[in-house]
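Reader: I would like a close look at one part of the surface in this model. Please give the cut-offs as you go.

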Amino acid sequence: MVVATLAESGMNLSDDVIESIIDKTFEEADTKHDGKIDKEEWKTLVLRHPPLLKNMSLPYLRDITTSFPSFVFYSQVEDA
């Protein structure tokens with residue numbers, strides 16, 4: 001989602017910069033340092049950064065797929 005949104009908005013960031021943003025966000029969220037973000041950690045992160053919750057809502061995701069079609073066509077989810 002991050003890559004598709006940045007590409008469609010014209011922000012040409014290198015893969016290293018995007019990876020750094022994702023890594024820093026995960027590092028901030030994973031306060032237990034166990035490689036996972038549990039519900040408590042997620043809640044803490046969202047309370048510190050309320051716009052995150054807006055960006056994860058169904059209406060926003062519906063809007064982003066309309067505004068940024070490559071998000072739909074190039075997104076992949078791997079089964080765990």
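Which residues form the nonpolar patch on the surface, and about how much accessible area do they have together?

Author: The model is predicted, so local features need pLDDT of at least 70 and side-chain atom pairs count only at pLDDT 80 or more, while totals for chains, interfaces and linings use all residues. Residues are numbered from 1 along each chain as its sequence is written, and side-chain values use heavy atoms, with hydrogens and water left out.

The patch is made up of F26, I37, W42 and L53, which together have about 330 Å² of accessible area. Such areas come from the Shrake-Rupley method with a 1.4 Å probe, and for residues only the protein chains shown count as cover. Patch members have over 30% relative accessible area and no salt bridge; nonpolar side chains (Val, Leu, Ile, Met, Phe, Trp, Tyr) are joined within 5 Å, like charges within 9 Å. A salt bridge is a side-chain nitrogen of Lys or Arg within 4 Å of a carboxyl oxygen of Asp or Glu.

L53 lies in helix α4 (residues 51-55). Helices (H or I, at least four residues) and strands (E, at least two) are DSSP runs, numbered from the N terminus. With a relative accessible area of 48%, L53 is partly exposed: the class lies between buried (under 20%) and exposed (over 50%), with a 1.4 Å probe and protein chains only.

E41 belongs to helix α3 (residues 39-48). E41 is buried but has no salt bridge, and K32, the nearest side chain of opposite charge, is 5.3 Å away. In this count Lys and Arg are positive, Asp and Glu negative, and His and the chain ends are left out. Apart from neighbours within four places in sequence, E41 contacts A29, D30, T31, K32, H33, D34 and K36, a contact being heavy atoms within 4.5 Å.

H33, one of those contacts, sits in the loop between α2 (15-29) and α3. H33 has a positive phi of about 55°, although it is not a glycine. H33 is exposed, at a relative accessible area of 65%.

Of its 80 residues, 15% count as buried. The protein exposes about 6,500 Å², of which carbon and sulfur atoms supply 59%.

Confidence is given as pLDDT, the predictor's confidence in each residue, from 0 to 100. The mean is 76, and 54% of the residues reach 70 or more. Confidence is highest in α3, at a mean of 91, and lowest in helix α6 (residues 69-74), at 56.
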